[in-house]
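Reader: Hello! I have the sequence and the coordinates open, and I would like to talk them through with you. Shall we begin?

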Amino acid sequence: MADVMTTEAPAAAHQSEGAGTGISNNKLLMWVFLGSECLLFGGLISTYLIYRSRFHTGPAPGDIFDIPFTSVSSFVLLMSSLTMVLALSALNRGDIRNNRLWLLTTALLGSLFIGGQVYEFTTFVREGLGYTTSPFSSAFFTLTGFHGIHVSVGIVMLMSLFISSLRGSLRQEHSETVEIVGLYWHFVDIVWIFIFTVIYLVPSPTS
Amino acid sequence: MTATTTTPATVGEGAAAQPLGVYTRPKGGNGWRDWVTTVDHKKIGILYGAAALFFFAIGGLEALLIRLQMATPDGTVLGADMYNQVFTMHGVTMVFLVIMPLAAAFANYLLPLQIGARDVAFPRLNALSFWIFLAGGLFLNTSWLFGDAPSGGWFAYAPNTGVTFSPGHGMDFYALGLQITGIASLLSAMNLIVTVLNMRAPGMTLFKMPVFTWMILVVQFLLLFAIPVITVALFLLLFDRNFGANFFNPEMGSDPLLWQHLFWIFGHPEVYVLILPSFGIVSEVIPTFSRKPIFGYEFMVFSGIAIGFMGWGVWAHHMFVSGVGPIAVGAFTLSTMFIAVPTGVKILNWMATMWGGKLRFTTAMLFATGVVSMFTVGGLSGVTHAVAPADTQQTDTYYIVAHFHYVIFGGALLGFFAGFYFWWPKVFGHMLGERLGKWNFWTMLIGFNLTFGPMHILGLQGMSRRIDTYSPGFGFELWNLVATIGAFTIALGVLFFALNVIFSARRARGLPPVGPDPWDARSLEWFCPNPTPVHNFDELIQVESLDEFWHRKYGTDENGRIVRVATAEEVCQKGDATDVHLPSPSYWPVVLAAGFPLIGYGIMYNLWLCAAGGILVVMSIYAWVFEPPDDPDGAHGHEADGAAEPEEAPVG
């Protein structure tokens, strides 16, 4: 990035080289968007923290969470960040084949996580924790649901990249697009680290 | 450094070799199609302004209805329920559909010009912001047609706005409508932040940016971080109302203060979102008509930034009587008093700018001084709210109504009128009439003080806000009548403005546009001829100082006296460049935006509509991505400017 950062060329051909950050517009847009997302999840996590002990007559969080299961699906999601990095580095080398492989792997790992979430939700509902059971249940499903939707959007973006790669239109010069999708993907993973800690790892109230 | 001169022929080859697009792009041209598909920041700015003034008329009519109802004791103009709907929609309209988009209008038109750019960083995204805003605003107002407008007040306190106490779809319209306009504000904030950070003209460091640009930048950061918080609050309310969630249901043990906290964590930064753009406009107008540089530029900028930061730490002063506890009340009293300091810095700097200047009281300057004086009144009554014991007496009385109208009408709206008079020649190529302008100013100023001044007294006498009638004998009659007379005086002032717009356009018909630099102004936008040509700058400007335009016109002689070194005609560009590459118009912003109201109606009436809206949105996003980056037949200096399109932009 060093060469980009020193854009003091007097007769800059590109306007953005006039007085800018040196980060491309598209990438900066994603960074700014992720800054906003922090507050979205901040609001949802705060709501959950206020309501985690308000389980009314329904199941308490400490009674219902299956921490080993969620740990495994969390591990799967975190590993997808690794494969996302591998996808980007393959494209940076011009290795289209491996780029496709890792893009697909990342999407699959993300889908595995979503599958785990669907399983977890249905189990909870069967055990009596519905969306309308208590303030705790509403806050839990809303927070994890919003995260799940973010992962799903990420999967759609990854598959779009994968398909455009199959059509031959994702080449080495487009690696920044993959990097930007990667930024989003890593952000969603990092948010999950917070959510996992707050919901599952911090000792939960029991009934 | 300037635009290259690639011929269309080479472009044709390039486009053929790179079949990126599935859909062709519209050609531009003129007529209504041009306005619907435009991605030009200037046209989008005008669209924002026109839409905001349309909603201003609606919100103003609502205000007149409120004042008619309150003119006499036991008013019978509106019933209690209708009164609730009218004051709620008046507040929502004025905050979200008038002041915010007016700021967006000025920001869109002026910000790229003031930083010497040819457009914003993402022109299509910019168009999308406008169309989503318009879709959300129309969606909100269609609640009248469904006979069920929101009635829970503009801050919509849950659980009062839950399904138990607010049955019907009114509050769903509120939650969904604000969600939609929130998307527009968020996209616009992201776009403008990237524009300011990345697209400034060569040599323009952050501290050579005009104060207006700075204030808009601060506002965009406030929006960036505040919008997601109200997004959360609105989602929770929506889920409570439609899916039976328990966020605001005290019977199930929910916290009735949750909504208030979430709303005001958004709501207080929002207050600064409303006022800072106007502060920016005043900071441009006053130096120009005082013939002095702004006093303490760095202080102006840093106090704006300080307001931006401190605005996050004062929200609970809206909740002093909600039972947040003595420690919270004490802490928020302190922080609220502190935030008066940077605001006071601005007031003093404006006065110091005028001090010793050669003042010219044009209409724009009158409105700007109106902001300085009226905002000071509102700021001082604001300090009285910061004192919690006093606030306990003032909460939910007309004193509060007086306060926030002094800051939002007296501060924000008068500032936008200053901006209208100041930049009208820049936008439309002719001046607004000064004679009618002065009528406009004085009727509005007098009407404004007649309306809201007495409300201080009414409030301290104990008249509650939001009551639909009052009985005779409490001493409320006189001041309510005065306020109603004042409201119609304001309406007269707005009428003068409308007449001014019409007459000045008629007078200018057939005449050449006004010459460059009608005000002896200071900042970069005045390098362009009036009205601004579609490509903005013939060539990019090498910026060396704050007030670059002024410094090109004036120098100092051997005695250190300021002398004119160049005429405006010499300094201004001709606007005759023909080889500048411009981004092509696009259909997709307006199509994509149309999906959102469908989703909104769908959630309330029929989920199939929701599906249709969702499909429209998703398809438009893909169509957007696969649109060719540019019109292959258009002039194409691809390396020439920074108006880069979000090719394959991963966000919708």
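This is a predicted model: local features need pLDDT of at least 70, side-chain atom pairs count only at pLDDT 80 or more; totals for chains, interfaces and linings use all residues.

Reader: Which residues is Ala418(B) in contact with, leaving aside its neighbours within four places in sequence?

Author: Ala418(B) is one of the core members with the most touching partners. Once its neighbours within four places in sequence are left aside, the contacts of Ala418(B) are Ile281(B), Val282(B), Val285(B), Ala364(B), Phe367(B), Ala368(B) and Val371(B).

Reader: How far apart are the C-alpha centres of the two domains of chain B?

Author: Domain 1 is made of 1-39 + 584-652, while domain 2 covers 40-583.

Reader: Is Ile183(B) buried or exposed, and why?

Author: Ile183(B) belongs to helix H6 of chain B, residues 170-198. Pro228(B) is 45 residues away from Ile183(B) in sequence, with 9.2 Å between their C-alpha atoms. A residue needs 20 or more other C-beta atoms within 10 Å to pass the cut-off. Because Ile183(B) has 21 of them within 10 Å, Ile183(B) is buried.

Reader: And what about Ala577(B): how does it count, and why?

Author: Ala577(B) sits in the loop between helix H17 (568-571) and helix H18 (588-604) of chain B. Asp538(B) is 39 residues from Ala577(B) along the chain, yet their C-alpha atoms are 5.2 Å apart. Ala577(B) has 15 C-beta neighbours inside 10 Å, so Ala577(B) counts as partly exposed.

Reader: Where in chain B is the pLDDT below 50?

Author: Chain B as a whole has a mean pLDDT of 90, with 92% of its residues at 70 or more. Two stretches fall below 50, and both still have contacts in the model beyond near neighbours in sequence: 35 for one and 66 for the other. In that order, they are residues 1-21 and residues 632-652.

Reader: Lastly, what ipTM does the predictor give the complex?

Author: The predictor supplies two scores for the complex. The pTM is 0.92, and the ipTM is 0.91.

Note on methods:
Residues are numbered from 1 along each chain as its sequence is written. Chains are lettered from A and ligands numbered from 1 in the order in which they are written. A nonpolar core is a set of buried Ala, Val, Leu, Ile, Met, Phe, Trp, Tyr and Cys residues joined through C-beta atoms within 7 Å. A residue is buried if 20 or more other C-beta atoms lie within 10 Å of its own, exposed if 12 or fewer, and partly exposed in between; C-beta atoms are placed from the backbone. Two residues are in contact if their C-beta atoms, placed from the backbone, lie within 7 Å. Domain bounds come from an automatic or database domain assignment. Helices (H or I, at least four residues) and strands (E, at least two) are DSSP runs, numbered from the N terminus. pLDDT is the predictor's confidence in each residue, from 0 to 100.
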